[in-house]
Amino acid sequence: MYALGEINRMASALGAPDSTRETAGVIYRRALTDGLVTGRAVESVATAALYAASRMDGVPRSTDEVSAVSRVEQIRVERAYRHVSRELGLEIAPTDPRSFIGRIASDVECTDATEREARRLAGIAVENGVHSGKHPVGIAAGALYAAAKRCDESLRQTDIADATDVSEMTIRNRYPEILAATDTEDE
């Protein structure tokens, strides 16, 4: 009961839909039944269940966001997530960076044209495998910065980094990769 209460509390703080809450509850109950909670903090498994559910339901949150509303350190959430998803055999596809662009664009208050271009650039990056093995929020941040440059909008790396909780170095590294993939696509 405590874990389900935690899931509801965190889901409310994140604005997660009811379906995601229910999915997280199912994941947690399966983990409990399979003995995956033993030796781990209830809160870390509950947070991992919510993170997994949000990815499965197509409303992904970063581990940073989920950990921020949790009472558990991010590293413990990540470990619990890996353990639970592996042991339960959860079918979770890699997160598409485009799913983060709307939220980031809203936070940095960029134009609609820049947001559309960022989605296009991120899509090309995904098609060309630029995102493989890289944090999807970093790809989204790099795509938004690259789009701002292409649309002649004045967006600073610092502002995007603050909105996404990724480093400016990540943005500096990702946006040239995204532009290079786009240049090969446009040829």
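## Before we start

Residues count from 1 along each chain as its sequence is written. Because this is a predicted model, local features need pLDDT of at least 70 and side-chain atom pairs count only at pLDDT 80 or more, while totals for chains, interfaces and linings use all residues, and side-chain values use heavy atoms, leaving out hydrogens and water.

Two packed helices are described by the angle between their axes and the distance between the axes. Helices here are DSSP runs (H or I, at least four residues), numbered from the N terminus. Axes are lines fitted to C-alpha atoms over the stretch in contact, and angles run from 0 to 180 degrees between N-to-C directions.

Take helix 3 (residues 42-56) and helix 5 (residues 74-88): they pack at about 65 degrees, with axes 8 Å apart. That makes helix 3 roughly perpendicular to helix 5 (65 to 115 degrees counts as roughly perpendicular; under 35 is roughly parallel, over 145 roughly antiparallel and the rest oblique). Contact means heavy atoms within 4.5 Å, and the residues of helix 3 that meet helix 5 include Val45, Ala48 and Tyr51, with Ala80 and Val84 among their partners in helix 5.

## Helix 6 meets helix 8

Now for another pair. The axes of helix 6 and helix 8 come within 10 Å and cross at roughly 55 degrees, which makes helix 6 oblique to helix 8. Among the residues that meet here are Ile104, Ala105 and Val108 in helix 6, and Ala140 and Leu144 in helix 8.

## Two nonpolar cores

A nonpolar core is a set of buried Ala, Val, Leu, Ile, Met, Phe, Trp, Tyr and Cys residues joined through side-chain atoms within 4.5 Å. Buried means under 20% relative accessible area, exposed over 50%, and partly exposed in between (1.4 Å probe, protein chains only). The largest core has 30 residues, and Leu144, Leu155, Ile160 and Ile171 have the most contacts inside it. Helix 8 gives the most to this core, with 10 residues.

Leu144 touches Ile104, Ala105, Val108, Leu155 and Ile160, among others, not counting residues up to four places away in sequence. A second, separate core of 28 residues includes Ala3, Ala11, Tyr28 and Ala48.

## A closer look at Ala31

Ala31 and Val84 sit 53 residues apart in sequence, yet 6.7 Å apart in space, C-alpha to C-alpha.

Terms used:
Helices (H or I, at least four residues) and strands (E, at least two) are DSSP runs, numbered from the N terminus.
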